[in-house]
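Subject: Handing over a structure, with notes

Dear colleague,

Please find below the structure that I promised to pass on to you. Would you look through it first, and then read my notes beside it?

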Amino acid sequence: MNVVEQALSNWKNSLPQEVPLAGLISISSIAYKWKALYRARILREVVFWRLHDLLEQSFLLHQQGHALGARILLRSGFETLATLIYLNQLKANVVDGTLNFHTFGEKTSLLLLGSRNDTTKHKSINIVTVLEKCDKRYPGLMALYADLCEAAHPSYEGTCFGYSSIDFDNHITVFRNKWVEMYADKHLSAMQLCMETFEHEYNKVSVSETRRLEKWIEDHDAELEATKSAE
């Protein structure tokens, strides 16, 4: 069992089954009376579920030699990872004084409930905007994502380069599926990078930033009550 396969197995056994509000309130009744912090916690866990699902399927396709599909799913995986990174950044911004808490609350609604097909009243945040923010913490993330996008789109790589080659001597264009030879040997390392980054953000950054935000809310609760509008 390789590193990625073992990690996916470990993740499957670690997926959270529920988030009882009463348990959060027992941590801080002041902090968790604010819906934003509860939404942030729910978002953290659904990101875990989605990322595991995407990467498990990406790994299975990779094993079966379906490199294009595996790569497209990995692209979605990095989008999902970026959502957690961005959420953690927003928490830090509130504590550092660069983001209004009530604006943070609005952003948690967009991240958790946003849609592009009007199934909810919230319009989702553009994922490219999210990724650009994340690239400041993890330089190169945006470039990696852009590279994966070439597989998802019918651009030069997604069509011509992925399925044809030129015999210049005989002036013939030959068609074949080239995705395995182009990317199969790089796929697991990219998956591992995605998973290791997620584990750091989920297990360390998210925990520390949540604790800081809980304390900040407790210290600023009166001010927040005075400035809140109906959620």
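The notes below go from the overall layout to the core, the hairpin and the cysteines.

This is a predicted model, in which local features need pLDDT of at least 70 and side-chain atom pairs count only at pLDDT 80 or more, while totals for chains, interfaces and linings use all residues. Residues are numbered from 1 along each chain as its sequence is written, and side-chain values use heavy atoms, with hydrogens and water left out.

**Overall layout**

The protein chain holds 9 helices and 2 strands, where helices (H or I, at least four residues) and strands (E, at least two) are DSSP runs numbered from the N terminus. Read from the N terminus, the order of these elements is α-α-α-α-α-α-α-α-β-β-α. The C-alpha trace spans about 80 × 35 × 35 Å along its principal axes. Of the 231 residues in the chain, 42% count as buried, a word that stands for under 20% relative accessible area, with exposed meaning over 50% and partly exposed in between (1.4 Å probe, protein chains only). The accessible surface of the chain is about 12500 Å², and carbon and sulfur atoms make up 54% of this surface; such areas come from the Shrake-Rupley method with a 1.4 Å probe, and for residues only the protein chains shown count as cover.

**The nonpolar cores**

A nonpolar core is a set of buried Ala, Val, Leu, Ile, Met, Phe, Trp, Tyr and Cys residues joined through side-chain atoms within 4.5 Å. The largest one has 50 residues, and the members that touch the most others are Leu55, Leu74, Phe101, Phe104, Phe198 and Ile217. Two or more residues of this core come from each of α1 (3-14), α3 (35-63), α4 (67-96), α5 (101-113), α6 (127-137), α7 (141-152) and α9 (179-227). Setting aside neighbours within four places in sequence, Phe198 is in contact with Trp11, Val47, Phe48, Leu51, Leu81 and Leu84. There is also a second, separate core of 5 residues, among them Ala67, Ala151, Met182 and Tyr183.

Ser165, for instance, has Val174 in β2 as its bridge partner. Between the strands of this hairpin there are 4 residues, and His171 has a positive phi near 55 degrees. With a relative accessibility of 73%, His171 counts as exposed. Asp118, which lies in the loop between α5 and α6, also has a positive phi, near 65 degrees, although this residue is not a glycine. Asp118 is exposed as well, at 69% relative accessibility. As background, most residues other than glycine have a negative phi.

**The cysteines**

How many disulfides does a search of the whole structure find? The search finds 0, a disulfide being a pair of cysteine sulfur atoms within 2.5 Å. For Cys149, the closest cysteine sulfur is that of Cys194, at 14 Å, which is too far for a bond. For Cys194, the closest cysteine sulfur belongs to Cys134, at 11 Å, again too far. Cys149 is buried, with a relative accessible area of 9%, and Cys194 is buried at 0% relative accessibility.

With best wishes

Conventions:
Pairing = 2+ DSSP bridges. Contact = heavy atoms within 4.5 Å.
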